[in-house]
Amino acid sequence: MNPIGVGIVAIVVGIGIGVLLAWAALRNRQAEPAPTFDVTEPVVPTGVAEVLAVLPSAGVVIGPHDEVLETTATARTLGLVRGSRIAVAELLQLVRIVRRDGEGRIVDLQIDRGVLTARVEPLDESLILVLADDQTAAQRIEETRRDFVANISHELKTPIGAMALLAEAVEDAAEDPPAVRKFASRMGIEAARLTDLVSQIIELSRLQSDDPLVDPEIVDMDEVLSEAVDRRRLDAERNRITLTVAGVVGTQVLGNARQLGVAVGNLVENAMAYSDPDARVVVAAHVQARSDDDYVEITVSDNGIGIPAAEVDRIFERFYRVDYARSRANGGNGLGLAIVKHIAAIHGGDVSVWSQPGQGSTFTIKIPAHLHEAPGTPHGHPASNSQRPPDQATFEHQEISQ
């Protein structure tokens, strides 16, 4: 046979055998089973989600790869969770530490909304439980308490120190009757200021523990306004200030008559304190009918010295005085308007002020009547006299003192 032909045949046969071998190897490889990995999805223990749902704390269950498996709405509201991940870097770091050493931790976290106390505990070998409580309100209350204690300490020291000095002056002036009478008179003023301050503190403390809507009464606002004005009659006469009651008669609200009387009285005293002789103070009640309820507005207006715009936002703070010297001269202690604000708030309302320097001020307490909630009153039919004809629903202006 031709050697060249033999070579060609050998090459073709070799190529064929190679192709057959490659095909056989590929077939065997495809027939081999693919390798499998035993991946177990983390499972939250039964009942954990139900328990988290009823807890007041924000709760999060975190898996082995830092993924969020269960969370409460509160946790999302506070910004602890975003999507399926922990959104607070400090908290995520703490979760990893607890997963590593298996020991629980408690830490205070500063977030955009305030302060949280977070408790991080291992739930099992792979799951971590986070419980967080919002401490923002409690921290604010504590700061308010500290400020109040500091302020009240200062306010108490002033009259007490003055009385101590006056007592020494009286003793030194024992042989000088006119001086004794002068110092004794001043001691009486300081004692009255101290008595008023203690009374206001007790009133504020009582208000903070008393909810007028837990056991409310139907309050006749005509009586509240008349009594608040009548109590200040002598002071008004002494300072030549005219007190006038006006507005709608027959207004009623559900609440506490004594507290509302304190609020109106404080506003009248404040108006008199910042008014010059021959000024006028007007107290009035009005009704605003709205879809959800009737709202009673109590206004106390004066044509006194007014309040600078920069001071308006601070006048309801405890112990804050627009004119410190004038306030002390009139026996003010800076608690009256704070008490008014608190009384309005616990009746479900608010207090606001309009004022212009040199033109006077108008304070407005607006509270819902709540009369549809009064026992024996049909729902949706308030026992209000706001529907009276105008000629029967308006006070003739009553001059209390000239």
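**Contacts, burial and helix packing**

Me: Which residues are in contact with R232, leaving aside its neighbours within four places in sequence?

Reply: R232 is in contact with L243, G265, N266, V268, E269 and M272. Contact means that heavy atoms lie within 4.5 Å.

Me: What kind of model is this, and what do its values rest on?

Reply: This is a predicted model, in which local features need pLDDT of at least 70 and side-chain atom pairs count only at pLDDT 80 or more, while totals for chains, interfaces and linings use all residues. Residues are numbered from 1 along each chain as its sequence is written, and side-chain values use heavy atoms, with hydrogens and water left out.

Me: Why does R232 count as buried?

Reply: The relative accessibility of R232 is 11%. Buried means under 20% relative accessible area, exposed means over 50%, and partly exposed lies in between (1.4 Å probe, protein chains only). R232 lies in the loop between α7 (221-231) and α8 (233-238). Helices (H or I, at least four residues) and strands (E, at least two) are DSSP runs, numbered from the N terminus.

Me: What share of the chain counts as buried?

Reply: Of its 402 residues, 37% count as buried. The chain has 13 helices and 15 strands.

Me: How do you know that the buried residues of α7 line one face of the helix?

Reply: The buried residues in α7 are M221, D222, V224, L225, A228 and V229. Seen down the helix axis, they fall within an arc of 165 degrees, so they line one face of α7. The arc is taken from the directions that run from the helix axis to the C-beta atoms. An α-helix has 3.6 residues a turn, so residues three or four places apart point the same way. On the face of α7 turned away from the buried side are the exposed residues E223 and R231.

Me: What makes D220 a cap of α7?

Reply: D220 caps the N-terminal end: one of its side-chain oxygens lies 3.0 Å from the backbone nitrogen of D222. A polar contact is a pair of N or O atoms within 3.5 Å; within protein, one must be able to donate a hydrogen and the other to accept it, and residues adjacent in sequence count only if both atoms are side-chain atoms. The distance of 3.0 Å is within that limit.

Me: Why is α7 called oblique to α9?

Reply: Two packed helices are described by the angle between their axes and the distance between the axes. α7 and α9 pack at about 45 degrees, with their axes 9 Å apart. That angle makes α7 oblique to α9. Angles under 35 degrees count as roughly parallel, over 145 as roughly antiparallel, 65 to 115 as roughly perpendicular and the rest as oblique. The axes are lines fitted to C-alpha atoms, for helices over the stretch in contact, and angles run from 0 to 180 degrees between N-to-C directions. The contact is made by M221, V224, L225 and A228 of α7 with A257, L260, G261, V264 and G265 of α9.

Me: Is the crossing of α7 and α9 right-handed or left-handed?

Reply: It is right-handed. A crossing is left-handed if the near helix is turned anticlockwise from the far one by less than a right angle, and right-handed if clockwise. By contrast, α9 passes α12 in a left-handed crossing. The axes of α9 and α12 (residues 336-346) come within 9 Å and cross at roughly 145 degrees.

Me: Why is V262 called buried?

Reply: V262 has a relative accessible area of 19%, so it falls under the limit for buried. V262 is in helix α9 (residues 257-273). Not counting residues up to four places away in sequence, V262 touches E203, I339 and I343. V262 and I339 are 77 residues apart along the chain, and their C-alpha atoms are separated by 8.3 Å.

Me: Why does N266 count as buried?

Reply: N266 has 9% relative accessibility, so it too is under the limit. N266 is in α9. Beyond its neighbours within four places in sequence, N266 is in contact with Q200, R232, G336, I339 and V340.

Me: Why is D278 called exposed?

Reply: Its relative accessible area is 59%, which is over the limit for exposed. D278 sits in the loop between α9 and β11 (280-289). D278 has a positive phi of about 70 degrees although it is not a glycine.
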